[in-house]
Amino acid sequence: MKKILFIQRRSPYGTGFAKEALDAILMASAFEQEISLVFTDDGVWQLKNQQDTKTLGIKNFSPTFKALELYEVKQIYVEQMALEQRGLQIEDLIIPVTVLATAELRQLIQQHDVILSF
Amino acid sequence: MSILHTVNKSPFVNNSLASCLRLAAQGDGILLIEDGVYGGLNHTGFTPELEQALANFTLYVLQPDLAARGIVNQAHPKVQQIDYAGFVDLTVFYTNVQAWF
């Protein structure tokens, strides 16, 4: 079993990266790999609660993050600096996360066999 | 004669909004759309620049793009929230439209 880290740095709707990452994560979990996710930079916006895309006519995929636990994806991290720059608290996020300082995130990246960047 | 500037990129990862603010003229309108709406928020690292901009320009934000991103409540109170019909009105009201992307 490999330790896989998904690094997500893109906002949810500006590009297709966020949705593609989520699909890849669900796929990887089906192969029973040990998966960690980290959200930093504008990637933290993916986890913002209260998303409502009705007027835009596109799918709000943020509720899917709540299903990750069922797929045994339980190691979910957010970089503290990214939250602070955006005026966000962990209470503003749709799922519980572990908040990391920059040095801790640097370490986390070193501890994985495979890193996928979105 | 004044211009409506549209910005569709997040100020946290792209300098489109910074360039717009540098080059827009006093009295111009600036409309934040798509990921540009992240530039219209209160209590972020970008808010000081936004508040400086509010002294020179009229700032608008497209409300459906705020709603999609779950940040309606985080929008700066001095930035005017508009809908799609309001967007059309602005393009008529201003002499020209300049897109920063």
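Look across the interface of chain A and chain B for salt bridges and you'll come up with 0 by the rule used here. Keep in mind that this is a predicted model. What does turn up between chain A and chain B is polar contact: 7 residue pairs, counting those with both partners at pLDDT 80 or more. On the side of chain A that touches chain B, you'll find 5 nonpolar, 9 polar and 4 charged residues.

So how much do the two chains share? The size of an interface is often given as the accessible area lost when the parts come together. Here, chain A and chain B bury about 1400 Å² between them, with 54% of that on carbon and sulfur atoms. In chain A, the residues that lose the most area to chain B are Asp42(A), Trp45(A) and Leu56(A), and together they make up 33% of what that side buries. Counted by contacts, 18 residues of chain A meet 19 residues of chain B.

Salt bridges do exist in this structure: over all chains there are 8. One of them joins the side chains of Lys3(A) and Glu34(A), 3.4 Å from N to O. This pair ties together distant parts of the chain, since Lys3(A) sits in strand E1 (residues 3-8) and Glu34(A) in strand E2 (residues 34-39) of chain A, 31 residues apart.

The largest pocket holds about 240 Å³. It is lined by 13 residues, and the closest to its centre are Ser11(A) and Thr15(A), along with Lys9(B), Val13(B) and Asp35(B). By class, that lining has 6 charged, 6 polar and 1 nonpolar residues.

Note on methods. Residues numbered from 1 in each chain as written. Chains lettered and ligands numbered in written order. Predicted model: local features only at pLDDT ≥ 70, side-chain atom pairs only at ≥ 80, totals over all residues. Heavy atoms only, no water. 1 Å grid on protein atoms, 1.4 Å probe; cavity = no way out; pocket = protein on both sides within 12 Å on 5 of 7 lines; lining within 4 Å. Points joined across faces, edges and corners; volume = space filled by probe spheres on them. Nonpolar A, V, L, I, M, F, W, Y, C, P; charged D, E, K, R; others polar. Contact = heavy atoms within 4.5 Å. Buried area = accessible area lost by both parts, 1.4 Å probe. Salt bridge = Lys/Arg side-chain N within 4 Å of Asp/Glu carboxyl O. Polar contact = N/O pair within 3.5 Å; in protein donor to acceptor, adjacent residues only side chain to side chain. Helix = DSSP H or I, 4+ residues; strand = E, 2+ residues; numbered from the N terminus.
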